[in-house]
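Thanks for coming. I'll keep this brief and go through one site and then some charged pairs.

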Amino acid sequence: MKRHLTARLLCLLLCLALCSGLTVHAVDRPAAFTPSTAYDGRFLDVKETDWFYPNVATLFSLGLTRGKTADLFGVYDNISVKEVIGFAARVRSLYFYGDAEMGAMYYVPEELDEELWYLPYVLYLKSDGVLDDSLDGRMDQAASRSQTAHLAARALPAELFLPINDAVVSVGYATHAFIPDVDEYTPYQRDILQLYKWGVVSGSDEMGRFFPDEPITRSEFSALLTRLTDPALRVVLDWDVSAYYSAKAKTYADLVTPGTYRRSHDLNDLTAIDSNIRYMLSDGASTISLQLTEEKVNEAMVSALMENYLTTIRKYIEQGYNAVSCSYNGGTNRVTMRFYSSLFSDGAFATARSRTLSEAIRIHDQLWADGVITSDMSQREKAYAYYDYICSHCTYDYQAVDNSISHSAYSLFFNGTAVCDGYTAAYNLLLKLEGIDCTTWSTESHIWTVATLDGQTCHIDTTWGSQSPAVRGSYFGMTERESLSRF
């Protein structure tokens, strides 16, 4: 017996409970999904007070449903696999041809058994690469949420959807804070996550659980469908995942691996000097006291000691110290060094240092929140994202003199100008907030970053990289030989 294809509701999809406070999306609704008729209230099981009322009404106005019967929508009935396939084919055909049936009509045989009404839709979706053979033999089964997600994510071109929830879903899923019932073993995992990122699904509870093996009802389907066709209904997720990436609790002391305090050491023992500096910085202090063992400390010894300490603390350039003063007692061999910034008075330095860290944390968190940095990125990819940010937000200060604040990360963050030590200090601060190990390399006239990225030592020069986007890639990830060959 021949069956006319427009005869029954072709259903799809899931939608997890509507979340409160939907956010209007800026993408225009495709013309094919502009309602062509008004809903006339024919479905007795759909009341105006029901949460799904506007969704069912929209389905009707788009010509995508005539109900389960003439006067019932069947809001609590489950959807079969064949109905899901039918709907996916119809909505795809409506988009591409402006008619819900045209896509499948080319696959209608001369005689089509009524029980096989879905066959043209299957053939249409398979010909377009939307449907594979994984659902063969399951047509009469109740469709699971994961199966409907599979077809929903593929029914329409991906360019119709913006990943408005990309960052929050990536972090929430990777940390298991949200969508905890979906993992790499869940059928159609990628399609499920894609729908979350597009704002087409939002989850059934406060943790965004998907319940992938559960069936879906026609009312749930109506909500998902209207989100597929109308960008204004897509959901911007308000999940708070900041605790999993935020650097708000970080202090300067947290950015240094503590060292062991050596009260006495040889003047040129750079290992001991580095250990003492790390001990000081991790303690939040700015002074170091030593009891030297030489027969009598003199000015030449103290000068050499200060030079070694100053050279070493430059490796921790993000801390902001660039000068040292010293007092000593030749009779007792006691030496006390105080580290400070020559660019600011003591009070102003404390303020600038605090504001610099706060701004670096803001930038770090914003790049995560915007999805520029994601949990699945390698260290190299993360380091490049911060590199690109620094290079794009600062210009070289050709007017700087020795005491200009352009030598500081503060100037880069708040003035948008810097010289090489300001560039390097700001960049190293961001890397260390990210947990990436880094230090500096310097010549008499220049300084840049040396970082360990995914176990590999990389030289990175944000100063040179900021010259123009055309050369930016040349100064990221250099080898030691490539870096030093520039001078």
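In this predicted model, His407 touches Leu343, Val401, Asp402, Val419, Asp421 and Gly422, leaving aside residues up to four places away in sequence. His407 is found in the loop between β4 (395-396) and α13 (409-415). One of those neighbours also makes a polar pairing: a polar side-chain atom of His407 lies 2.8 Å from the backbone oxygen of Val401. Is His407 buried or partly exposed? The relative accessibility is 21%, so His407 counts as partly exposed, given that buried means under 20%.

Now the salt bridges. The structure holds 20 of them. Arg92 pairs with Asp128, with 2.9 Å between the closest N and O atoms. Arg92 is in helix α2 (residues 81-97) and Asp128 in the loop between α4 (119-127) and α5 (145-155), so this pair ties together parts that are 36 residues apart in sequence. Arg92 is buried at 10% relative accessible area, while Asp128 is partly exposed at 35%.

Glu359 and Arg362 form another salt bridge, at 2.8 Å between the closest N and O atoms. These two are three residues apart in helix α11 (residues 346-369), so about one helical turn separates them. Glu359 counts as buried at 15%, and Arg362 as partly exposed at 42%.

Asp346 and Arg338 meet at 3.6 Å, N to O. Asp346 is partly exposed at 49%, and Arg338 is partly exposed at 33%.

Last item: Lys126, Asp133 and Asp136 are linked in a salt-bridge network.

Conventions:
Residues numbered from 1 in each chain as written. Predicted model: local features only at pLDDT ≥ 70, side-chain atom pairs only at ≥ 80, totals over all residues. Heavy atoms only, no water. Helix = DSSP H or I, 4+ residues; strand = E, 2+ residues; numbered from the N terminus. Buried < 20%, exposed > 50% of the residue type's maximum accessible area, 1.4 Å probe, protein only. Contact = heavy atoms within 4.5 Å. Polar contact = N/O pair within 3.5 Å; in protein donor to acceptor, adjacent residues only side chain to side chain. Salt bridge = Lys/Arg side-chain N within 4 Å of Asp/Glu carboxyl O.
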